[in-house]
Amino acid sequence: MRKSLLALGAVAAVSAVPAQAEYLFGFGSMYADYQVWNQGFGNDDDNFGGKIEDRNQAVIGIEGGAVFDWGQMYGFYDYEGVDRSGNDRGASTKGTIHYNLTESGVSLYAQVYNTDTDKGFHEQNRVIGLGYTGLGGDGWGFTPWVGAHQINTNGNSGSNGGMVGWVGFYNTDLAGQNFTFSTWGEYEFARNDKYAAAQGDDWGLNGSINAMWNFHKNWSTGVLYRYTVNKLAREDYQDLVIYRLQYNF
């Protein structure tokens, strides 16, 4: 847990670099999730010998993002397995920043993702590269990026190839109700040999497709479809369904 908080502090420090920034807009929310692995399509059995339903868990978290005249930033903190005993939980933290290098939206991109469990597992992913923040319009946006990837996990630390990723959203009204559709994804390539052996191949895919119904000015609910390929120490295609209730600040 302490490592997750340290990672969050490091991201906050990097994000504070611009001394005079004009705030344009942002968002923040708290949420409660229930992750259901046995409602996916790619999970016939568990690679670690257990039942698929044993991986189901409740998660609580907080996230937020902001756009400034110099770029944008985003972060979240998840506390995982809150429906389990106190020695079978985990925490994950992610922070990202785009610092615009040109008026067209070409940006310097940096990302830190950190996860720890009470059973001793630790992994931190760091990415630095270039992004593009110039794609967007009324109610929509799409932000791609590419960078060099470093890994720090149990018994493996150093360069881990590269990563390409994206974040996108579309906000619209349907039948008099407001909905937000969003997606994010990360494609890892040219992994180091040790990490490739642990994940099943030298490449991997990780992402989500989300639909949220904003039924009140402060409340949303929806479904997130989460997928991985050669990721989370599991080979081939894996997926799960996440049910979310969210309070928006």
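Analyst: Helices (H or I, at least four residues) and strands (E, at least two) are DSSP runs, numbered from the N terminus. This is a predicted model, where local features need pLDDT of at least 70, side-chain atom pairs count only at pLDDT 80 or more, and totals for chains, interfaces and linings use all residues. Residues are numbered from 1 along each chain as its sequence is written, and side-chain values use heavy atoms, with hydrogens and water left out.
User: OK, how many helices and strands does the chain have?
Analyst: The chain has 2 helices and 13 strands.
User: Which strands each supply at least two residues of the nonpolar patch?
Analyst: Those are β5 (106–117) and β6 (122–132). The patch sits on the surface, and Leu130 and Trp203 are among its residues. Patches like this take residues with over 30% relative accessible area and no salt bridge, joining nonpolar side chains (Val, Leu, Ile, Met, Phe, Trp, Tyr) within 5 Å, while like charges are joined within 9 Å.
User: And what's a salt bridge?
Analyst: A side-chain nitrogen of Lys or Arg within 4 Å of a carboxyl oxygen of Asp or Glu. The structure holds 8 of them.
User: Which residue pairs up with Arg244 in a salt bridge?
Analyst: Glu63 does, at 4.0 Å from N to O. That links distant parts of the chain, since Arg244 is in strand β13 (residues 234–248) and Glu63 in strand β2 (residues 57–68), 181 residues apart.
User: Are those two buried or exposed?
Analyst: Both Arg244 and Glu63 are buried. Buried means under 20% relative accessible area, exposed over 50%, and partly exposed in between (1.4 Å probe, protein chains only).
User: What about Lys119, which residue does it bridge to?
Analyst: Lys119 forms a salt bridge with Asp88, the closest N and O atoms being 3.5 Å apart. Lys119 is in the loop between β5 and β6, and Asp88 in the loop between β3 (71–80) and β4 (90–100), so the pair ties together parts 31 residues apart in sequence.
User: Why does Lys119 count as exposed?
Analyst: Because its relative accessibility is 66%. Asp88 has 24%, so Asp88 counts as partly exposed.
User: Switching topics, what's in the largest nonpolar core?
Analyst: Trp37, Ile52, Met212, Leu224, Leu240 and Ile242, 6 residues in all. A nonpolar core is a set of buried Ala, Val, Leu, Ile, Met, Phe, Trp, Tyr and Cys residues joined through side-chain atoms within 4.5 Å.

Notes:
Areas by Shrake-Rupley, 256 points an atom, 1.4 Å probe, with all protein chains shown as cover.
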